[in-house]
Amino acid sequence: MAKVSPMTVEWDNCPEKRRLIEKYDVQGPRYTSYPTALQFSESFSEADYRALWPAITPNIAPLSLYVHVPFCENICYYCACNKIVTRKKEKARDYLNHLEKEIHMQSAVIGRSRPVTQMHWGGGTPTFLNGAELTELMHNIASHFRLIDSESREYAIEIDPRTVDRALLALLKGLGFNRLSMGIQDFNPQVQQAINRVQSYEQIADLMEASRLFGFKSVSFDLIYGLPHQSAATLETTLRQVIALNPDRIALYNYAHLPDRFPTQRSIDRLALPSAGEKLAMLAQANQQLREAGYLNIGMDHFVRPSDDLAIAQQRGQLQRNFQGYSTCMAPDLVGLGVSAITSTREGFAQNAKTLDRYYAAISQGSLPVERGLRLNDDDRVRKHVIMRLICNFELDLNEFETQFKTTLADYFSAEIPAIQELIADGLIQLDRQSLRVTAAGRSLIRNICMVFDRYQREVPRTAFSKAL
Ligand code: SF4
């Protein structure tokens, strides 16, 4: 595949760009998977789940592991994650008991021979667990799956800086994690108060210093734009502070205010939210500031240092995407462990029970806690290939497509040709005999481009997703 140089998107206030933004300001998926979770069926059985893991002997293909810890001590008003807010630390004990039984059952299905090249603990807040509990959980995983100590492994954990000190960071490094993801959101005190997430710059700076000292390979910051009381000026200050701390990766998410779907968002003062125009100004501000600081925009809100593995993978056309974002060494199959966790294999997807009661009940009965899922059909595989290539590498190699699927893009997507031509006319993609490429202007509208190739988009209500901008 031809190389694609990561480029930042130029956002300014020119009338043509404003026209495109208004035209494409519709709700759409973030494509952490295709088909998206909305297509998962409730009539997916445990037998269907087992069929996602065909028996291959010996199976030494790399494996990814996701572990979900659902608890948080405090509620952040903007949050749309699946979490349980509680101060009762004893809840962790019950959860660990069930999670460890699930790990045992999953290991019996998948086997222990596959090297785990990628592991991610997310939530909720994984650091809701104390040091002894984190150690116990890692020990249990290591007893049932083949963890590796190669430098190339990606073992990441999301940390809430309010629940972590230097001693716990040292423990995480000792347990084998080599990547950290920190929820920052914004450093402005008024914004922090409005979203109920108060954490000082000094706290974060201290953890950054410690993470370098302990040798974490990569630290990623999560930021959000579009929060109450934010403006381009406040974001500029936050980004200046962020840049001074020099994280390897920055994810800058668009806050989607959907209080009907996420009741805790009702605590956010709607009148304090920035307008669509102000959000655009923030996006322009962030793109410019991060570019000047040397970060590359690899797409879908992610900025990385040019030397970062993600930037290099994108240049090689090898970037991948999963439920945790972008990845370089994603294994072909990922097992999700814990309440609401999603498993993704070459055959399809499955999601665990979304409530603790149902998750515990299934495990207590000796059943895998799978509640819904989807087996990929031939059409899903074609469209998944196109969407994942575009969203990760901004390019679809047409020769590769034809070799793999024994058809041409024009033949397979004949019904979509008018929509594809519209994307070309709007300057968002370019198409020639070799490839379909996303232009610089198209990169910020990549969700909209992918939606053209998504068969299910015709069936899904618009309110099911957040807006692309
Ligand atoms: S943002 Fe993170 S810490 Fe805050 S409530 Fe959501 S999951 Fe918990």
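Trainee: Are α12 and α13 roughly parallel or roughly antiparallel to each other?

Mentor: α12 and α13 are roughly antiparallel, a label for angles over 145 degrees, whereas under 35 is roughly parallel, 65 to 115 roughly perpendicular and the rest oblique. This is a predicted model, in which local features need pLDDT of at least 70 and side-chain atom pairs count only at pLDDT 80 or more, while totals for chains, interfaces and linings use all residues. Residues are numbered from 1 along each chain as its sequence is written, and side-chain values use heavy atoms, without hydrogens and water.

Trainee: At what angle do the helices α12 and α13 pack?

Mentor: Helix α12 (residues 378-393) and helix α13 (residues 398-405) pack at about 160 degrees, and their axes are 11 Å apart. Axes are lines fitted to C-alpha atoms over the stretch in contact, and angles run from 0 to 180 degrees between N-to-C directions. Helices (H or I, at least four residues) and strands (E, at least two) are DSSP runs, numbered from the N terminus.

Trainee: Which residues make that contact?

Mentor: From α12 come Arg381, Val382, His385, Val386 and Arg389, and from α13 come Glu400, Phe401, Gln404 and Phe405; contact means heavy atoms within 4.5 Å. By class, this contact has 4 nonpolar, 2 polar and 3 charged residues. Ala, Val, Leu, Ile, Met, Phe, Trp, Tyr, Cys and Pro count as nonpolar, Asp, Glu, Lys and Arg as charged, and the others, including Gly, as polar.

Trainee: Let us change topic. Which residues surround the ligand?

Mentor: Cys72, Asn74, Cys76, Tyr78, Cys79, Gly124, Thr125 and Arg197 surround the ligand, each with a heavy atom within 4 Å of it. That shell has 4 nonpolar, 3 polar and 1 charged residues.

Trainee: And what about the peptide bond from Gly123 to Gly124, cis or trans?

Mentor: That bond is cis, with omega near 25 degrees. Gly124 lies in the loop between β4 (115-123) and α4 (131-144). The bond from Tyr34 to Pro35 is also cis, with omega near -10 degrees, and Pro35 is in the loop between α1 (15-24) and α2 (46-51).

Trainee: Why point these out?

Mentor: Most peptide bonds are trans, and most residues other than glycine have a negative phi.

Trainee: What is the phi of Asn196?

Mentor: Asn196 has a positive phi of about 60 degrees and lies in the loop between α6 (189-195) and α7 (201-213). Asn196 has 29% relative accessibility, so it counts as partly exposed; buried means under 20% relative accessible area, exposed over 50%, and partly exposed in between (1.4 Å probe, protein chains only).
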